[in-house]
Amino acid sequence: MKLTLKFVTATGWCPACKALHRAGTVDKFAEKHPEIRVEQHDDSSDGSGNTSWENLADKWHVKGVPTVIWIAGGEELFRSSDISARGLAAQLEKALKAVER
């Protein structure tokens, strides 16, 4: 079963999202785990609206950013929101272990 990790952020107006992108945690995770499809979706606008980002947020019921969503076979396995740059790497590894069981 192919795993997908959707990383949803809004660097245009979310300070926590900006910090996560600067830290490069998701990029490092993607390099370490090439078997996982990593999709990064970012609203880099000033908050005035980005239709494709809003459609994604609606489809996956994103209520806050940053949000990480784990998907397998088109079904959501679990998600985590309001993540700090410090805690994201640990959360990604912990989630991966849970999914692999």
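Biologist: Happy to look at this with you! How many aromatic pairs does the count come to?

Modeller: This is a predicted model, where local features need pLDDT of at least 70, side-chain atom pairs count only at pLDDT 80 or more, and totals for chains, interfaces and linings use all residues. Residues are numbered from 1 along each chain as its sequence is written, and side-chain values use heavy atoms, with hydrogens and water left out. Rings of Phe, Tyr and Trp (its six-membered ring) pair if their centres lie within 6.5 Å; planes under 30 degrees apart are stacked, over 60 edge-to-face, and the rest tilted. By this rule, the count of aromatic pairs is two.

Biologist: Nice. What kind of aromatic pair do Phe-29 and Trp-70 form?

Modeller: Phe-29 lies in helix H2 and Trp-70 in strand S3, so the pair ties together parts 41 residues apart in sequence; helices (H or I, at least four residues) and strands (E, at least two) are DSSP runs, numbered from the N terminus. The centres are 6.1 Å apart with 85 degrees between the planes, which makes the pair edge-to-face.

Biologist: And which residues do ring pairs link into a cluster?

Modeller: Trp-70 also pairs with Phe-78, at 6.2 Å centre to centre and 35 degrees between the planes, a tilted arrangement. Trp-70 is buried at 2% relative accessible area, whereas Phe-78 is partly exposed at 28% (buried means under 20%, exposed over 50%, partly exposed in between, with a 1.4 Å probe and protein chains only). The cluster is Phe-29, Trp-70 and Phe-78.

Biologist: Within what arc do the buried residues of H2 fall, seen down its axis?

Modeller: The buried residues of H2 are Thr-25, Val-26 and Phe-29, while the face turned away from them carries the exposed Lys-28 and Glu-31. The arc is taken from the directions from the helix axis to the C-beta atoms. The buried residues line one face of H2, so they fall within an arc of 95 degrees.

Biologist: Which residues touch the most other members of the largest nonpolar core?

Modeller: A nonpolar core is a set of buried Ala, Val, Leu, Ile, Met, Phe, Trp, Tyr and Cys residues joined through side-chain atoms within 4.5 Å. Of the 16 residues in the largest one, the residues touching the most other members are Val-68, Trp-70 and Leu-88.

Biologist: Which element supplies the largest share of this core?

Modeller: Strand S1 (3-9), H2, strand S3 (67-72) and helix H4 (85-100) each supply at least two residues. The largest share, five residues, comes from H4.
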